[in-house]
Amino acid sequence: AERKAQAFIAEFGGLLGLENAGVLAQESISSDSSGSVHITYKQVYKGVPVFGGTVKAHVDSAGDLTAVNGTVVPSIDLNATPRLSPAAAAERAIAAVVDDPPLGEDGAPSAFLSAGDLTAASTTLYVYKTGLIRGVAGSNQLVYEVEVTNGANVRDFVYVHANAGKVV
């Protein structure tokens, strides 16, 4: 199953928007009750994962490749070395949540006392294409995804430009 998926991606990756198959890294492989195998690949650029870049290949129990689908970000060309540290990105993300707190179910801003009540639970470097989620044209940016939380009623994901430090 893996060889069939890799051969397809190597030959037809251009149909998915890939310049070459080397930008996909196998993330997982699983099988279902019918004996089909499902292989998940994540797009990587210069060692940095690409936000939303996922391709899945499906091979049936007879060993036939039945589908390859997903989303890739084509034509990435940027410096993959951040100027901003993860700690600095976390500080900026926390400040952004303080300035614009998330809304609760009642529509009111979530209650927390200060930036001291918030922490960065995770900070992950990504290549992020603006407009990808909405399906519109955008530009590729190097960002930190920072999960900001108070451990209770706040859990925001903030994207901070890894060079400029602004919230994307």
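Helices (H or I, at least four residues) and strands (E, at least two) are taken here as DSSP runs, numbered from the N terminus. The structure is a predicted model, in which local features need pLDDT of at least 70 and side-chain atom pairs count only at pLDDT 80 or more, while totals for chains, interfaces and linings use all residues. Residues are numbered from 1 along each chain as its sequence is written, and side-chain values use heavy atoms, with hydrogens and water left out.

With 42% relative accessibility, N153 counts as partly exposed. Its side chain makes a polar contact with the side chain of N150, at 2.6 Å. Such a contact is a pair of N or O atoms within 3.5 Å; within protein, one must be able to donate a hydrogen and the other to accept it, and residues adjacent in sequence count only if both atoms are side-chain atoms. From C-alpha to C-alpha, N153 is 14 Å from A121, and the two are 32 residues apart in sequence.

Attention now turns to the interior. A nonpolar core is a set of buried Ala, Val, Leu, Ile, Met, Phe, Trp, Tyr and Cys residues joined through side-chain atoms within 4.5 Å. The largest such core has 24 residues, and I76, V127, V146 and V148 are those with the most contacts inside it. At least two residues of this core come from each of β3 (48-59), α2 (86-99), β6 and β7. Helix α2 gives the most, with six residues. Contact means heavy atoms within 4.5 Å. Not counting residues up to four places away in sequence, V127 touches Y45, V48, P49, V50, F51, I76, L78, N140, Q141 and L142. Another core, of 12 residues, lies apart from the largest one and has L18, I39, V68 and V72 among its members.

Helix α1 (residues 2-16) deserves a paragraph of its own. A straight helix of 15 residues would span 21 Å at 1.5 Å a residue, whereas α1 spans only 18 Å between its end C-alpha atoms; the expected span is 1.5 Å times one less than the number of residues. The helix has a kink of about 60°, centred on A10, where the bend at a residue is the angle between axes fitted to the seven residues ending there and the seven starting there. A5, I9 and G13 are buried residues of α1, and their cover includes β1 (24-31), β2 (37-45), β3 and β4 (65-71). After α1 comes G17, with a positive phi near 100°.

Rings of Phe, Tyr and Trp (its six-membered ring) pair if their centres lie within 6.5 Å; planes under 30 degrees apart count as stacked, over 60 as edge-to-face and the rest as tilted. The structure holds five aromatic pairs. In one of them, the rings of F8 and F12 have centres 5.1 Å apart and planes at 40°, so this pair is tilted. F8 and F12 are separated by about one helical turn, because they are four residues apart in helix α1. F8 is partly exposed, at 25% relative accessible area, and F12 is partly exposed as well, at 33%. The rings of F51 and Y159 have centres 5.6 Å apart and planes at 75°, so that pair is edge-to-face. Since F51 lies in strand β3 and Y159 in strand β7, the pair ties together parts that are 108 residues apart in sequence. Both F51 and Y159 are buried, and together with Y126 and Y128 they form one aromatic cluster.

Three further residues complete the picture. P86 lies in helix α2 and is partly exposed, with a relative accessible area of 42%. Leaving aside neighbours within four places in sequence, P86 is in contact with T123 and Y144. The C-alpha atoms of P86 and Y144 are separated by 7.3 Å, although these residues are 58 apart along the chain. K46, in the loop between β2 and β3, has a positive phi near 50° and is not a glycine; K46 is exposed, at 60% relative accessible area. S75, in the loop between β4 and α2, is also a non-glycine residue with a positive phi, of about 55°, and at 54% relative accessibility S75 counts as exposed.

Key:
Buried means under 20% relative accessible area, exposed over 50%, partly exposed in between (1.4 Å probe, protein chains only).
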